[in-house]
Amino acid sequence: MRKSFVAILALVGLSIGVCVQAAGDAAVGQARAATCLACHGPGGNSLNPMWPKLSGQHPAYMKTQIDAFKAGVRKDPIMAPMAMTLDDKSIADLGAYFASVKRTAGIADPKKAAQGRKIYMQGNPAKGLIACSTCHGIDGYGNPSAGFPNIASQQAMYMVKTLKEYRTKTRTTDPGRIMQDAASRMTDTEIDLVTQFVTGMKP
């Protein structure tokens, strides 16, 4: 299982890494971001646990997700119409702005986070669950060139929702179906524990 997973990672890295996104203008993006901040909070640091923090996110990942909303591949009644108003230049500018903002620290349950750390760092070999750190790194920063997002200090409730969407395949925007496979091997308890660890990571 691990060898095949590593092979998928290599292919994903090659396929995504060759895509070059035009650099955006953070100042222009900041001016354009007013609508985004209504839901995603000051500087993209969401105050609503169900809405993700955009601050500190990789611009290429943001473009992939906005494009998915525009294409109807990723569905959300609020984000879909918002995404339709954005052209590539606007997306690049917004991505540059949010990437430039420092993400605020999350608040985690320390007992759950301690248990979640093992899942994040080691996975669950008995179930074929690969460690989250394989793609997202030990610091949660992810891998921009491979399309893996920065998840450190992300909202826990939002991550729980996301993992369950991947598990039921109602969200399918993950490269190589990596997240769908991982989430399908996780129980609700494991999802709760690992998201508590991630939200408590240093941003």
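Gln 155 is found in the loop between helix 8 (133–136) and helix 9, where helices (H or I, at least four residues) and strands (E, at least two) are DSSP runs numbered from the N terminus. The structure is a predicted model, in which local features need pLDDT of at least 70 and side-chain atom pairs count only at pLDDT 80 or more, while totals for chains, interfaces and linings use all residues. Residues are numbered from 1 along each chain as its sequence is written, and side-chain values use heavy atoms, with hydrogens and water left out.

Gln 155 counts as buried because its relative accessibility is 13%; buried denotes under 20% relative accessible area, exposed over 50%, and partly exposed the range in between (1.4 Å probe, protein chains only). Residues up to four places away in sequence being set aside, Gln 155 touches Ser 46, Leu 47, Asn 48, Pro 49, Trp 51, Lys 53 and Thr 199, a contact being heavy atoms within 4.5 Å.

The chain comprises eleven helices and zero strands. Of its 203 residues, 43% count as buried. Among contacts in the chain with a separation of 6 or more, 71% are accounted for by residues 24 or more positions apart.

Two packed helices are described by the angle between their axes and the distance between the axes. The axes of helix 9 (residues 156–167) and helix 11 (residues 188–199) come within 9 Å and cross at roughly 140 degrees; axes are lines fitted to C-alpha atoms, for helices over the stretch in contact, and angles run from 0 to 180 degrees between N-to-C directions. Helix 9 is therefore oblique to helix 11, given that angles under 35 degrees count as roughly parallel, over 145 as roughly antiparallel, 65 to 115 as roughly perpendicular and the rest as oblique. To this contact helix 9 contributes Ala 156, Met 159, Val 160, Leu 163, Lys 164 and Arg 167, and helix 11 contributes Asp 188, Ile 191, Val 194, Thr 195, Gln 196, Val 198 and Thr 199. These residues divide into seven nonpolar, three polar and three charged; Ala, Val, Leu, Ile, Met, Phe, Trp, Tyr, Cys and Pro count as nonpolar, Asp, Glu, Lys and Arg as charged, and the others, Gly among them, as polar.

Helix 11 also packs against helix 7. The axes of helix 7 and helix 11 come within 7 Å and cross at roughly 95 degrees, and the two helices are therefore roughly perpendicular to each other. Residues of helix 7 in this contact include Gly 116, Ile 119 and Tyr 120, and those of helix 11 include Val 194, Phe 197 and Val 198. By class, the contact of helix 7 with helix 11 has eight nonpolar, three polar and four charged residues.

The largest nonpolar core has 18 residues, and those with the most contacts inside it are Tyr 120, Val 194, Phe 197, Val 198 and Met 201; such a core is a set of buried Ala, Val, Leu, Ile, Met, Phe, Trp, Tyr and Cys residues joined through side-chain atoms within 4.5 Å. Two or more residues of this core come from each of helix 7 (110–122), helix 9, helix 10 (178–184) and helix 11. Helix 11 gives the most, with five residues. Apart from this core lies another, of twelve residues, among them Ala 33, Ile 66, Leu 94 and Tyr 97.

The loop between helix 9 and helix 10 holds Lys 169 and Arg 177. Phi is near 65 degrees in Lys 169 and near 55 degrees in Arg 177. Arg 177 counts as exposed, at 59% relative accessibility.
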